[in-house]
Amino acid sequence: MRLFGAIDISASALTAERLRLDVIAENLANAGTTRTAEGGPYRRKVVLFAPREGMGGVRAVGIARDPSPFRLRYDPGHPDADAAGYVRLPNVDVVKEMVDLITATRAYEANVTAISAAKAMFQRALDIGRA
């Protein structure tokens with residue numbers, strides 16, 4: 001393994017988790033959006049990860065739209081209601097997004113801790129070499 005391989009692997013995870021946090025924040029911000037530029041309600045997004053070949057670590061390979069169905073709510077007074085009075089709402093489940101947010105935050109923190117531990121080991125090795 002390369003000298004700074006552990007830091008490189010954790011840094012790749014930090015980048016990926018940061019993107020995941022951004023996408024989760026976008027999902028939460030649009031949990032009530034019934035009309036988008038593409039037409040229709042907002043569709044939940046998820047980040048797709050893949051291993052980095054030959055390097056270790058992870059990379060984000062894309063952002064996909066969740067194909068799960070939209071929720072329906074009866075609200076005949078809503079401007080986006082259909083002829084039957086139902087409004088299509090985003091397929092964003094706020095509880096699921098909060099769980100994903102906590103998971104992404106913990107993964108981010110774990111990788112920061114791993115980088116700090118690697119730096120401390122390198123510093124200790126340098127100190128041993130000086131003695």
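Which residues does Arg 20 touch, not counting residues up to four places away in sequence? Keep that in mind while you set up the view.

**Before you start**

This is a predicted model, in which local features need pLDDT of at least 70, side-chain atom pairs count only at pLDDT 80 or more, and totals for chains, interfaces and linings use all residues. Residues are numbered from 1 along each chain as its sequence is written, and side-chain values use heavy atoms, with hydrogens and water left out.

**Stop 1: the whole chain**

Show the cartoon. You will find two helices and four strands. Helices (H or I, at least four residues) and strands (E, at least two) are DSSP runs, numbered from the N terminus. Read from the N terminus on, the order is α-β-β-β-β-α. The radius of gyration is 21 Å, well over the 14 Å that the globule rule gives for 131 residues, so the chain is more spread out than a compact globule. That radius is taken over C-alpha atoms, and the rule is 2.2 Å times the number of residues to the power 0.38. Along the principal axes, the C-alpha trace spans about 80 × 25 × 20 Å.

The accessible surface is about 8,300 Å², and carbon and sulfur atoms hold 61% of it. Areas come from the Shrake-Rupley method with a 1.4 Å probe; for residues, only the protein chains shown count as cover. Of the 131 residues, 29% count as buried. Buried means under 20% relative accessible area, exposed over 50%, and partly exposed in between (1.4 Å probe, protein chains only).

**Stop 2: helix H2**

Select residues 94-130. At 1.5 Å a residue, these 37 residues should span 54 Å, and the end C-alpha atoms are 54 Å apart, which agrees. The expected span is 1.5 Å times one less than the number of residues. Pick out Glu 97, Asp 100, Ala 104, Asn 111, Ile 115 and Ala 118: they are buried. Their cover includes helix H1 (5-29).

Move to Ala 120, also in H2. Ala 120 is partly exposed, at 47% relative accessibility.

**Stop 3: helix H1**

Select Arg 20, which lies in H1. Arg 20 is buried, with a relative accessible area of 17%. Back to the opening question: Arg 20 touches Val 47, Phe 49, Asp 100, Thr 103 and Ala 104, leaving aside residues up to four places away in sequence. Contact means heavy atoms within 4.5 Å.

Step on to Leu 21, again in H1. With residues up to four places away not counted, Leu 21 touches Leu 101, Ala 104 and Thr 105. Leu 21 and Ile 102 are 81 residues apart in sequence but 9.4 Å apart in space, C-alpha to C-alpha.

Then take Val 23, another residue of H1. Is Val 23 buried or exposed? Val 23 counts as buried, at 4% relative accessibility. Its contacts, not counting residues up to four places away in sequence, are Lys 45, Val 46, Val 47 and Ile 63.

**Last stop: zoom out**

Among contacts with a separation of 6 or more, 54% come from residues 24 or more positions apart.
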